[in-house]
Amino acid sequence: MEELHSETQQAEPEPAPKIIGLTGGIGSGKTTVAHFIEEFGFPVYYSDDRAKAIVNESEDLKIKIKELLGEDSYDENGLYDRKFVADKVFSNRDLLQHLNEIIHPAVKIDFENWVKKQSKYLVFKETALLFELKLNRQCYKSLLVTAEDNIRIKRVMDRDNKTYREVEAVMEKQMPERDKIKMADCIVYNNTNLEELKEQTEKVIFSIE
């Protein structure tokens, strides 16, 4: 009779979650869509929020940012002075690029550590600069939230109490929507109301395989 050998079976490791890059220009409703995604049970990493935290948490970043932009990059309490930095880099592409080269690698490491803690088959990385920084190449799919320019401008004017020209100036600094639409794998159009936006978001994310 053939002898049976019992072998210890090792559990196969869980497959890594698929990373979906979530982006959208100013006034598109990207953050609202991110909250809907969380309501549907999927985790969202807010790159922009984490970047704001990391520049205050990392002493190494503080040193590098002060070397680039000066001591006034941080206020008297040692906190990142967003207005000062924004004014410095808004019209200086070189400075902005150097600043991004300091901050984004740190955010990348933070994101990778976050992904390791997730258990869902999809995770979403929210970032305003998904296509500009070619971060979509690191994602399984890209999801763009977009809307007509006049709608986006009015939203930001109402939300931030800015003038038409101020909003338009910010939009002119961003990649044109037509270019993002060509690059995106999935698109949610936010031209109507929240109910329609939520329905679109649900349909899109549950169609990702």
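Q: At what angle do α2 and α3 pack in this predicted model?
A: Helix α2 (residues 47–57) and helix α3 (residues 59–69) pack at about 90°. Their axes are 6 Å apart.

Q: What does that make them, parallel or perpendicular to each other?
A: Roughly perpendicular, because angles from 65 to 115 degrees count as that.

Q: Which residues meet there?
A: From α2, Ile 54, Val 55, Asn 56 and Glu 57. From α3, Glu 59, Leu 61, Lys 62 and Ile 65.

Q: And by class, what is in that contact of α2 with α3?
A: Four nonpolar residues, one polar and three charged.

Q: Staying with α2, which of its residues are buried?
A: Ser 47, Ala 51, Ile 54 and Val 55.

Q: Where do they sit around the axis?
A: On the same side of α2, because they cover an arc of only 100° around the axis.

Q: What covers the buried residues of α2?
A: The cover includes two strands, β2 (44–46) and β3 (122–126). It also includes α3 and α5 (93–115).

Q: New topic. How many residues are in the largest nonpolar core?
A: The largest nonpolar core has 28 residues.

Q: Which of them have the most contacts inside it?
A: Val 55, Ile 65, Leu 69, Tyr 80, Leu 99 and Ile 103.

Q: Which elements give two or more residues to this core?
A: α2, α3, α4 (82–89) and α5.

Q: Which gives the most?
A: α5, with eight residues.

Q: Take Ile 103. What is Ile 103 in contact with, leaving aside neighbours within four places in sequence?
A: Ala 51, Val 55, Ile 65 and Tyr 80. Ala 51 and Val 55 are also among the buried residues of α2.

Q: Zooming out, how many helices and strands are in the chain?
A: Nine helices and five strands.

Q: What pattern does the chain follow along the sequence?
A: Read in order, β-α-β-α-α-α-α-β-β-α-α-α-β-α.

Q: What box do the C-alpha atoms fill?
A: Roughly 85 × 45 × 30 Å, taken along the principal axes.

Q: How much of the chain counts as buried?
A: 38% of the 209 residues.

Q: Last one. Among contacts between residues at least 6 apart in sequence, what share joins residues at least 24 apart?
A: 69% of those contacts in the chain.

Terms used. Residues are numbered from 1 along each chain as its sequence is written. This is a predicted model: local features need pLDDT of at least 70, side-chain atom pairs count only at pLDDT 80 or more; totals for chains, interfaces and linings use all residues. Side-chain values use heavy atoms; hydrogens and water are left out. Axes are lines fitted to C-alpha atoms, for helices over the stretch in contact, and angles run from 0 to 180 degrees between N-to-C directions. Helices (H or I, at least four residues) and strands (E, at least two) are DSSP runs, numbered from the N terminus. Angles under 35 degrees count as roughly parallel, over 145 as roughly antiparallel, 65 to 115 as roughly perpendicular and the rest as oblique. Contact means heavy atoms within 4.5 Å. Ala, Val, Leu, Ile, Met, Phe, Trp, Tyr, Cys and Pro count as nonpolar, Asp, Glu, Lys and Arg as charged, and the others, Gly among them, as polar. Buried means under 20% relative accessible area, exposed over 50%, partly exposed in between (1.4 Å probe, protein chains only). The arc is that of the directions from the helix axis to the C-beta atoms. A nonpolar core is a set of buried Ala, Val, Leu, Ile, Met, Phe, Trp, Tyr and Cys residues joined through side-chain atoms within 4.5 Å.
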